[in-house]
Every structure is written in C-alpha cells, then in structure tokens.
Amino acid sequence: MKTTLLFFLFLVVALAGNFNQDFDITWGDGRAKILKNGQLMTLSLDKASGSGFRSKNQYLFGKIDLKIKLVPGNSAGTVTTYYLSSIGSSHDEIDFEFLGNLSGDPYILHTNVFTQGKGDREQQFYLWFDPTKDFHTYSILWNPRNIIFSVDGTPIRQFKNMESSGIPYPKSQPMWIYSSLWNADDWATRGGLVKTDWTKAPFIAPYTNFNAQACVWSSTSTSSSCNSTTQNSWLSENLDITDQSRIKWVQNNYMIYNYCNDIKRFPQGFPRECSLN
C-alpha cells in the first residue's frame, strides 16, 4: 500500500467554485440544474426521483464551504445531503444531512463520521435560524488533526484524531464531495411516521458559493505539495478558545441527540472515543 501511495500527488488548490467546472450532475434525469454561468446549482425532488451531484476532484484533507438554502414549507420526508465520501466497504465519510419536517417545525441537522466503513457516530442539532429563508454556509474542515463541522462559521462538532488510542481516523482515503436531495420518508421525519406530501412537489434546494482550500488527489506525479504552510494553515487548524466556547454554546442549546449519551443503544458501554473526544 505504501508503494502505491507514492504514485499520487496532492495539489493544494483554492477553488472559488464554479459548479460547471467543479462538479458533475450524477443522477436525477434533468432534475439537477446548473444556472447563472455556474454560480448556482439547484436540486429537485418529485415522486419519480430525486437528484444529486459529485465533485470532479477527489480530496485528501480540505476546508470545504457550501451555501445551501433548504427546502421551504412542508419538507417532511425529504433529506438534503452534503458530505465527503470515499468508496468501498471500508470507506470513510463525513456527513451533513438535513432532515425535513412539517411546516413550522425545525429542520434536524444530522452529522456522522465513518472510518473504515464504520459509522454510528451520529450527533443531531436544531439550528438557531430558519435555514429555508436564506442561504447559510455549511463547512467541513478535515485535516490530519481533526474534523470540524461548522455552520456560518460557528463550530458545532469536532471529531479528533485519536489514532494513538486505537481509534481509526480518516487520513488515507481520498474523498469526493457529494450532495443530493431525495425521499426518505421511511425514516427521516419522526422515525418515518410523517410521510412526504407529494402535492407539494417539486421540492427544490439551491446551492451557491462553493469554496475549497484542499489537497486534490491526482495520479500525474510522484511528489507532494500539500504541506503545512502559511497559505495552507487550515492543514493544522484546531479549535481555539473562542471556538471551544462557541461549540459548547451550540451543544448545550441546540444538540438534540448524541450517540455518546445513548445508553439504550450502547448498554455494554459507549464507544471508546466518547471518553476521549
């Protein structure tokens, strides 16, 4: 494996996103659209199908920002996703999922981290604003030290590199950026009790302002330029004192589920990272 890795190059790029240049529409039979000369992407869901897109590049570490305006009104049963993922049974994955709800009820922001094919690290939050009224920035910072989920620059979750304690960390599998809008009314809203109201279709979610400071995975050279420099300070970024205070504020006031507190789910004891993270 180490020999194989020598044939790949990491190019540090800063992308001020154009959806035509940076993404491919991967499914939806015309329901996904790139508009305004690549500055806007819309995903659409109706009873026949949802839609989705994927980045042209794979990345190994990055600071990814994407602005999304979620489906308004009665969005029950719908799920809007934005995540990083590799492929295969031992894949790594970093998830934002937005679970729709009845009009007037809040969206649930669902987060998860998979390492070597194992997830089950869910944390869920309400948001402190209406995410359907305007665009808001959802960010994933992924570097060798930690993964930080942020909303409008406010960190909401951190997953640290705890390999020294025997806990796998995503660091060797390059990932694509994915997004989709799809029907999940068998589980998404109140455990599947509330179904999608198809009279409200099509459901539409617009995206804009994709930005990436990231290491692009390529097979064109044998050297690496993805080093921790002043320009690439995100490669070693961590939570400072202000960030730690903000993440506590979010988790104390808006977290509604934490796998590390779910005694019924883990009667034999919580996952080891729960006592370390």
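Predicted model: local features only at pLDDT ≥ 70, side-chain atom pairs only at ≥ 80, totals over all residues.

Biologist: Why is the pair of Phe19 and Phe53 called edge-to-face?

Modeller: The ring centres of Phe19 and Phe53 lie 6.1 Å apart, and since a pair requires centres within 6.5 Å, the two rings qualify; their planes stand at 75°, and because planes over 60 degrees apart count as edge-to-face, the pair takes that name. It is one entry in a total of 19 aromatic pairs.

Biologist: What makes this pair a link between parts of the chain?

Modeller: Phe19 belongs to helix α2 (residues 19-22) whereas Phe53 belongs to strand β5 (residues 51-55), so the pair ties together parts that are 34 residues apart in sequence.

Biologist: How do you know that the rings of Phe96 and Tyr138 are edge-to-face?

Modeller: Their centres are 6.0 Å apart and their planes meet at 70°, so by the limits of within 6.5 Å for the centres and over 60 degrees for the planes the pair is edge-to-face. Phe96 sits in strand β8 (residues 93-99) and Tyr138 in strand β11 (residues 136-142), 42 residues apart, and the pair thus links distant parts of the chain.

Biologist: Why are Phe96 and Tyr138 called buried?

Modeller: Buried requires under 20% relative accessible area; Phe96 has 0% relative accessibility and therefore counts as buried, and Tyr138, with a relative accessible area of 0%, is buried as well.

Biologist: How do you know that strands β7 and β8 are paired?

Modeller: At least two bridges are needed for strands to pair, and 7 bridges join strand β7 (residues 78-85) to β8, the two running antiparallel. Ser85 stands opposite Glu93 in β8.

Biologist: In the open sheet of 8 strands, ordered β2-β5-β14-β7-β8-β9-β10-β16, what makes β2 and β16 edge strands?

Modeller: Strand β2 (23-27) and strand β16 (255-258) each pair on one side only, and pairing in this sheet is antiparallel.

Biologist: Which residues touch the most other members of the largest nonpolar core?

Modeller: Of its 57 residues, Tyr82, Phe96, Tyr138, Trp142, Tyr207 and Phe210 do, while strand β15 (residues 203-218) supplies the largest share, 9 residues. A second, separate core has 5 residues, including Val79 and Ile108.

Note on methods: Residues numbered from 1 in each chain as written. Heavy atoms only, no water. Phe/Tyr/Trp six-rings, centres within 6.5 Å; stacked < 30°, edge-to-face > 60°. Helix = DSSP H or I, 4+ residues; strand = E, 2+ residues; numbered from the N terminus. Buried < 20%, exposed > 50% of the residue type's maximum accessible area, 1.4 Å probe, protein only. Core = buried A, V, L, I, M, F, W, Y, C linked by side-chain atoms within 4.5 Å.
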